[in-house]
Number of protein chains: 2
Amino acid sequence: MELLKQRIRQDGTVKGTDVLKVDSFLNHQMDIDLFEEIGKEFKRRFEGCGVNKILTIEASGIGIACIAARHFHCPVVFAKKSQSKNIAGAVYAARVESFTHGRVYDVIVSRKFLGPGDRVLIIDDFLANGAALEGLTDLVSQSGAQLAGAGIVIEKAFQPGGDRLRAKGIRVESLARVKSMSETGGVEFTD
Amino acid sequence: MELLKQRIRQDGTVKGTDVLKVDSFLNHQMDIDLFEEIGKEFKRRFEGCGVNKILTIEASGIGIACIAARHFHCPVVFAKKSQSKNIAGAVYAARVESFTHGRVYDVIVSRKFLGPGDRVLIIDDFLANGAALEGLTDLVSQSGAQLAGAGIVIEKAFQPGGDRLRAKGIRVESLARVKSMSETGGVEFTD
C-alpha cells in the first residue's frame, strides 16, 4: 500500500535496528484519514471471504479494526491482555510470550463473542515475531470459528512471525512489509 | 440518545447495584453501526466548538473515539495506562485512582501530540467516579491545550464523577445517564 509506505518513510523513526516508531499516526496519535484508506485496502484484499467478525487485540489494534469494520459491516471483538484473570470457563485464553516487551501474558476473549458460526478476520497494527497473532489464531481455533486470515498494517518481514504463520497455511496480508531498516538508511520495503 | 438507551435496556446486564455490563456491544464486542450513531451524536453536540483533536484512554475508549473522529475530521490520541514508566520529560502524566478496579495508575500522553494549539474533545465509554476523566483533563491542562468538553457514552449519574466535573466548569455530555439500576428492576435513565 503505497500511501502507507510513503507515510512510514516520512514520519516513521527507526531506533536501533528493530524499533520502528510510528506513534505520530498509527499507535498513539492516530490519523483517521489514513485508517480509512487502510480499512478500504483490507476490504479489497478480503472481499468475498465472508468475514462476519473482526478480532483484534488491545490497545493499538482497536482503532484500525473499528474503522475497517465499517467496510465489512460487522462487529469487532478485542482480545484483552491479562496477567492474572480468574475467569476460567467464561473465556478462551491463550498464552503469549512477547519478545518485544519481555513478558508473558494471556490473551482472552469471552466465549459469548466467538463461535462456530463466525468467519473471522484478525486485524493488528504490527507483526514481528508473531506471538500475539499466534495467540489470536489460537483463540479462533478454540472457538470453532473459521479464520479468513490476518490483516496487518506493518510487518517486520526480517523477523520470523509472518513466514511462520504463512507456513501454517494462514493467510497473512500485510500492507507494508519492512525488509530492513536502520537509523541512518531509513526503511526499505519488500513486496 | 434514545437508540443507545434502548440498546442498554435490551442487552445490558446489571450485576449487584453498580456494575452495568455492556460488553456485547460497547466494550468487548463493539457494534460499529451503533458507534457510528454515537459518533454523529457527539458531532451534533460539539458542532462549532473548533475541536481539532480527540483524546481518549485505552482500551475501550479507542474504538468510539476513532469512529467519532471521522465526523470531526481530526486525529485521535489515546492516553496510555502505565504503572511504572521511565519516560519522564517526554510525556504528560497524571495519577488516577480507580475505585472500580481498586488500583492506582498513571495516564500518560506524549508531549508531541498535545499542545497549546489544540482544542480537545475527550471521549470515553463510561463515567462513574470520574477519576479517569479527571486524569485526562489534567493532561489537557498540562499541555496548554483548550478543553472543549467531554463526550461520554454512559454516565452512572448516581455516582459523583459527572457532577464534580461539571461543578469545575467542564462541559460533560453523556449520551445515556443512568439514574439507578438493579438486577431485578433493570436500568432507569435520567435526562
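Of the 191 residues of chain A, 48% count as buried, a residue being buried if 20 or more other C-beta atoms, placed from the backbone, lie within 10 Å of its own. This is a predicted model, in which local features need pLDDT of at least 70, side-chain atom pairs count only at pLDDT 80 or more, and totals for chains, interfaces and linings use all residues. Residues are numbered from 1 along each chain as its sequence is written, while chains are lettered from A and ligands numbered from 1 in the order in which they are written.

Select chain A and colour the elements. Five helices and eleven strands are found there; these are DSSP runs, helices being H or I of at least four residues and strands E of at least two, numbered from the N terminus.

Now select the contact, to which chain A and chain B each give 23 residues; two residues are in contact if their C-beta atoms, placed from the backbone, lie within 7 Å. On the side of chain A that touches chain B, α3(A) gives the most, with six residues.

Finally, select β5(A) and β3(B). Two bridges join these strands, which run antiparallel; strands pair if DSSP finds at least two bridges between them. Val77(A) has Gln29(B) as its bridge partner in β3(B).

Technical notes. Buried ≥ 20, exposed ≤ 12 C-beta atoms within 10 Å, placed from the backbone.
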